[in-house]
Amino acid sequence: MINYFKTIYQVSKALLQGMAVTGRWLFQPAITVQYPDEKLTPPERFRGTLVFDKETCTACNLCVKACPTACISLEPYVDPATQKRIAKVNWYQIDFGKCNYCRLCEEACPTKPIKSVRHSHDYEWSMKERSEMFVKWKRDPSPVIADTPKDTGTKAA
Amino acid sequence: MIFPVLTQSQKRSIGVLALMGLIGGGTAMAIGELGMRLTQIWEFLLPILQKLPIPEMASQIAGMVIECSLLIGFISVSVMFMVWWERKVSAHMQSRLGPMTTGGWHGWAQTIADGIKLILKEDIIPESANSWVHRLAPVLVFVPAFICYAVLPFGSNLIAVNLDIGVLFIFAISGLSVLGIVMAGWGSGNKYSMLGGLRAAAQSVSYEIPRVLSIVPILLFVGSLKLTDIANYQSGMWFGFIPRWFIFYPVIGQIAFIIFLISSVAETNRTPFDIAEAESELVAGFHTEYSGMKFSLFFLAEYAYVFLSSGLTTALFLGGGSGPLLPTWVWFLLKSFGIVFLFLWFRWTFPRMRVDRLMEFTWKFLMPWSFVNILIAGAVVLALGV
C-alpha cells in the first residue's frame with residue numbers, strides 16, 4: 001500500500017522534473033546560428049583555406065616534405081641570366097582535393113615573421129569541378145612564365 | 001542563468017509580442033462579446049433579407065452554411081497556428097530556432113506554405129489498397145472532429161448548437177473517429193498501417209472510459225450535461241479571490257482534471273501515447289500510405305481534436321469564458337491555448353509508452369482512480385447537499 005503511493009509520488013516527481021527541464025530550455029536562447037545572415041567568428045587557431053604569399057616564399061621545399069598527403073608542389077625560380085637558383089618560387093601549387101587542413105605545412109614554413117603558407121579563417125569556399133581544386137600561384141613579372149606550359153603543374157600533381 | 005542577457009533581436013521579439021498583445025487586447029475589448037455582435041449583425045440583416053423575395057427556407061439554410069463556414073474557418077486558422085506553434089515550441093525546447101524565414105517574422109507563414117505544398121502533391125492510392133475504404137477514411141476521421149465543434153461554447157452566446165446533452169454528444173461523436181483510423185489502417189493494404197490502426201482502436205476505446213468517468217463528478221455537482229450550464233455553474237468566486245472553477249475543488253477537481261488531461265492526450269494520439277503512429281516502430285502507423293490532401297485531413301483532424309480537447313477542458317474545468325476585463329471568447333481562447341501548450345509541452349518532454357504499459361496504465365490506474373473520485377464526489381454531494 002505504501003509502496004503503491006510511493007511509486008505514484010516518484011513517477012509524478014520524475015514527470016514534473018522532465019517538464020521542468022524542457023520548460024527551462026524553452027526560455028533559454030537557442031544555440032542555432034542563422035548561418036547566411038549571422039556568422040560565428042572562427043577560433044584563433046581555426047584551420048581554414050590555405051593562403052600563400054609568393055613574395056616571401058624562399059622555395060625551401062620544407063612544406064612539400066611536411067605535407068602528409070603530398071598536395072603541395074613547387075618549382076624554384078632560376079634566373080635566366082645567370083642560370084642560378086634564387087630563393088624565390090617560379091610557381092607554387094596546392095591541390096585542395098588532397099589537402100586535409102592539418103597545418104603541418106604552416107608549422108614547417110621557416111619564413112618570418114609571417115609564414116608564407118598559412119591557414120586563413122575563410123571557410124566559405126567551394127568548387128564545382130575537380131580541376132578548380134588545383135590552386136596555382138605564379139611569379140608574375142617574369143619572362144619564364146610565358147615559356148612554361150600552362151598546365152604543367154596540373155599534370156604534375 | 002536566471003536573467004539571461006537578451007540580444008537585440010530577442011528584445012525586438014519581446015517588444016513585438018507585447019505590442020501584439022496590447023493591440024489584440026485593445027481590439028478584443030473594442031469588439032466586446034462576439035456572440036452579441038454576431039446577433040446584432042443578424043438582427044441588422046434580418047429585416048433586409050425579409051424584404052427581398054427569398055424563401056425563408058433558403059435564408060435559414062444560408063445562415064447554417066455561414067455558421068459552418070465560421071467554424072471551418074476557425075478550425076483551419078487555429079490548426080495552422082497550432083502547427084506553427086508546435087514547431088516553434090519544440091524547436092526552442094531543443095535549443096533550435098524552428099522555421100525562421102517564411103513570411104518574414106519568425107516563419108509565421110510556414111504552415112501556409114506547407115498547406116500549398118500539400119495541395120500540390122500527388123495523390124497516391126497504393127495498388128494493394130482498398131480504394132474506397134482508403135478514400136473514405138480521412139473524411140471519416142475529420143468529420144466527427146468538425147461536428148463536435150458545433151456544441152463547443154466559445155464564449156457567452158457563442159455556440160452553434162446549444163444541445164442539452166453537449167458533453168455526451170462530444171464524447172459519442174469523437175469516438176466515431178476511431179472507425180476512420182481503423183479504416184485507414186485496413187484500407188491502406190500495409191502491415192504497418194494495419195498495426196497502427198488496430199493499436200489506435202484499442203487505445204482510443206480504452207482511454208474513452210476513464211475520460212468519460214473522470215467528468216462524472218462534475219455532472220454530479222452541476223446536474224446537467226449542457227456545456228453552457230456547466231460553464232455558468234463555475235462563475236463567481238470563493239472567498240473573493242479563488243474562481244469557482246472545477247479544477248479548484250479540493251482533491252476531487254484535481255484528480256478529475258489530471259485523469260481527464262491524460263486521457264485527452266491519449267485520445268488525440270499524441271506523444272507519450274502515440275503508439276498508433278509511432279514513427280520509429282510503425283513508420284507512421286495508419287497514415288503511412290497517405291499523401292497530399294488526404295494526409296493533411298488526418299493532420300487537420302489531429303490538431304482539431306487537440307483544440308477540441310483543450311476547449312472541453314476549459315469549459316469543464318477552467319470555467320469556460322469567465323474572467324475579468326476581456327470578453328468571454330478571448331478568455332476561452334486564452335485558456336484553451338494554454339491547455340494546447342500543455343499538450344505540446346507533454347509531447348516534447350515525455351518518451352513514448354510501450355503498448356502493454358499503456359493499456360495497464362488506463363485499466364489498472366486511471367479507471368480505478370476515476371471510480372474512487374466518483375465515490376468521493378458522490379459522498380460530498382450527499383453530505384453537503386450541493
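Here is a chat about a predicted model with chains A and B.

Student: How confident is the predictor in chain A, going by average pLDDT?
Tutor: Chain A averages a pLDDT of 82, and 89% of its residues score at least 70.

Student: Where does pLDDT stay under 50 in chain A?
Tutor: That's residues 143-157 of chain A. The model has 17 contacts beyond four places in sequence for that stretch. Where pLDDT is low, though, the predicted coordinates should not be read in detail.

Student: Okay, switching to chain B. At what angle do H3(B) and H13(B) pack?
Tutor: About 95°, with the axes 9 Å apart. H3 covers residues 56-93 of chain B, and H13 covers residues 292-317 of chain B. Angles of 65 to 115 degrees count as roughly perpendicular, so H3(B) and H13(B) are roughly perpendicular to each other.

Student: Which residues meet there?
Tutor: From H3(B) you have Ile75(B), Ser78(B), Val79(B), Met82(B) and Val83(B). Across from them, H13(B) brings Leu300(B), Tyr303(B), Ala304(B), Val306(B) and Phe307(B). By class, this contact of H3(B) with H13(B) has nine nonpolar residues, one polar and no charged.

Student: And the largest nonpolar core, which residues touch the most other members?
Tutor: Out of 78 residues in that core, they are Val141(B), Ile181(B), Ile218(B), Ala301(B), Ala304(B), Leu308(B) and Leu316(B). H13(B) supplies the largest share of this core, 14 residues. Another core, of 17 residues, lies apart from it, and its members include Leu50(A), Cys63(A), Trp91(A) and Cys105(A).

Student: What is Ile181(B) in contact with?
Tutor: Leaving aside neighbours within four places in sequence, Ile181(B) contacts Val141(B), Gly197(B), Ala200(B), Ala201(B), Ala276(B) and Phe286(B).

Student: How many residues does each chain put into the contact between chain A and chain B?
Tutor: Chain B puts in 14 residues and chain A twelve. On the chain B side, H3(B) gives the most, with three residues. That side of chain B has eight nonpolar, five polar and one charged residues.

Student: Back to chain A. Is Cys109(A) buried or exposed?
Tutor: Buried, because Cys109(A) has 22 C-beta neighbours inside 10 Å, and the cut-off for buried is 20 or more.

Student: Where does Cys109(A) lie?
Tutor: In the loop between helix H3 (104-108) and strand S4 (117-119) of chain A.

Student: Which residues does Cys109(A) touch?
Tutor: Not counting residues up to four places away in sequence, Cys109(A) touches Leu62(A), Cys63(A), Lys115(A), Ser116(A) and Val117(A). As for Val78(A), 31 residues apart from Cys109(A) along the chain, the two C-alpha atoms are separated by 21 Å.

Methods: Residues are numbered from 1 along each chain as its sequence is written. Chains are lettered from A and ligands numbered from 1 in the order in which they are written. This is a predicted model: local features need pLDDT of at least 70, side-chain atom pairs count only at pLDDT 80 or more; totals for chains, interfaces and linings use all residues. Axes are lines fitted to C-alpha atoms, for helices over the stretch in contact, and angles run from 0 to 180 degrees between N-to-C directions. Helices (H or I, at least four residues) and strands (E, at least two) are DSSP runs, numbered from the N terminus. Angles under 35 degrees count as roughly parallel, over 145 as roughly antiparallel, 65 to 115 as roughly perpendicular and the rest as oblique. Two residues are in contact if their C-beta atoms, placed from the backbone, lie within 7 Å. Ala, Val, Leu, Ile, Met, Phe, Trp, Tyr, Cys and Pro count as nonpolar, Asp, Glu, Lys and Arg as charged, and the others, Gly among them, as polar. A residue is buried if 20 or more other C-beta atoms lie within 10 Å of its own, exposed if 12 or fewer, and partly exposed in between; C-beta atoms are placed from the backbone. pLDDT is the predictor's confidence in each residue, from 0 to 100. A nonpolar core is a set of buried Ala, Val, Leu, Ile, Met, Phe, Trp, Tyr and Cys residues joined through C-beta atoms within 7 Å.
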